[in-house]
Amino acid sequence: FVGEAIGAIYAADVVLILIDSINGVEIPTQRFFHFVNSLKKPYAFFINKMDLERANAEETLESIKEICPNAALFHLPIGSGSSFKGVVDLLNPKSDIPADLAGKAKELKTALMESIAESDEKLLEKYLEQGEISEDEMRSAVAKGIATGQLHPVFAGASYVATGFDSFLSAVVADFPNPSQMPPFKVKRSDKSEVEMPTDPS
């Protein structure tokens, strides 16, 4: 399994790191995280198993931020354990947000907007001057921030019951960088020298 995971990391444009919502970041996850970092691969996190008892998204997010301070929450879970009903997409919140989460969702969207702005110097200047940025600007900055390693989204859901995955997959399609946006990558020649290779959109 370890060999397969490492091989997948080399092949992936963006690595998705699954985190257990009960145990948080564990030692094997830390090892893979450091390996992904050593390759300078873009990555995102997915807090899984939100449908299980003792699932705790807030504590899990804290454990993620211990190894990745610029991790940014994109999904606010609606409940946990047997009461887990889905997620609020903070980048594109809909009108059907539960009333008891409306205030928190608004607060977290502002925090997300700040994280996105901080990943781009020009966008940060605009945000500081005007206090907000447009949805199109945020989407463009998310793709760029992921590609350059300045932004690491955190999603949430429950794989066993496939809850939260529609929103996650929509984000992958709409917000993740396409191959043409990825930075060049280094490969080793037979003489052990390194050369930069541009990404191939095809």
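This briefing describes the salt bridges and the strand sheet of one structure. The model is predicted: local features need pLDDT of at least 70, side-chain atom pairs count only at pLDDT 80 or more, and totals for chains, interfaces and linings use all residues. Residues are numbered from 1 along each chain as its sequence is written, and side-chain values use heavy atoms, with hydrogens and water left out.

**Salt bridges**

- A search of the whole structure finds six salt bridges; the term denotes a side-chain nitrogen of Lys or Arg within 4 Å of a carboxyl oxygen of Asp or Glu.
- One of them joins the side chains of Asp20 and Lys49, with an N to O distance of 3.4 Å. Asp20 belongs to strand β1 (residues 15–20) and Lys49 to the loop between β2 (43–48) and α3 (57–67), so the pair ties together parts that are 29 residues apart in sequence. Helices (H or I, at least four residues) and strands (E, at least two) are DSSP runs, numbered from the N terminus.
- Asp20 is buried, at a relative accessible area of 15%, whereas Lys49 is partly exposed, at 34%. Buried means under 20% relative accessible area, exposed over 50%, and partly exposed in between (1.4 Å probe, protein chains only).
- Lys144 and Asp120 also meet through their side chains in a salt bridge (3.1 Å, N to O). This pair links distant parts of the chain, 24 residues apart: Lys144 is in helix α6 (residues 135–148), and Asp120 is in the loop between α4 (102–118) and α5 (121–130).
- Lys144 is partly exposed, with 46% relative accessibility, while Asp120 is buried, with 15%.
- A further salt bridge connects the side chains of Lys126 and Glu137 (2.5 Å, N to O). Lys126 lies in helix α5 and Glu137 in helix α6, so the contact ties together parts that are eleven residues apart in sequence.
- Lys126 is partly exposed at 26% relative accessibility, and Glu137 is partly exposed at 24%.

- Four strands form an open sheet with parallel pairing, in the order β1-β2-β6-β3. Two strands pair if DSSP finds at least two bridges between them.
- Strands β1 and β3 (71–73) stand at the edges with a single partner strand each, so one side of each is left without a neighbour in the sheet.
- Strand β3 runs parallel to β6 (residues 152–156), and three bridges join the two. Within β6, Val154 is the bridge partner of Leu73.
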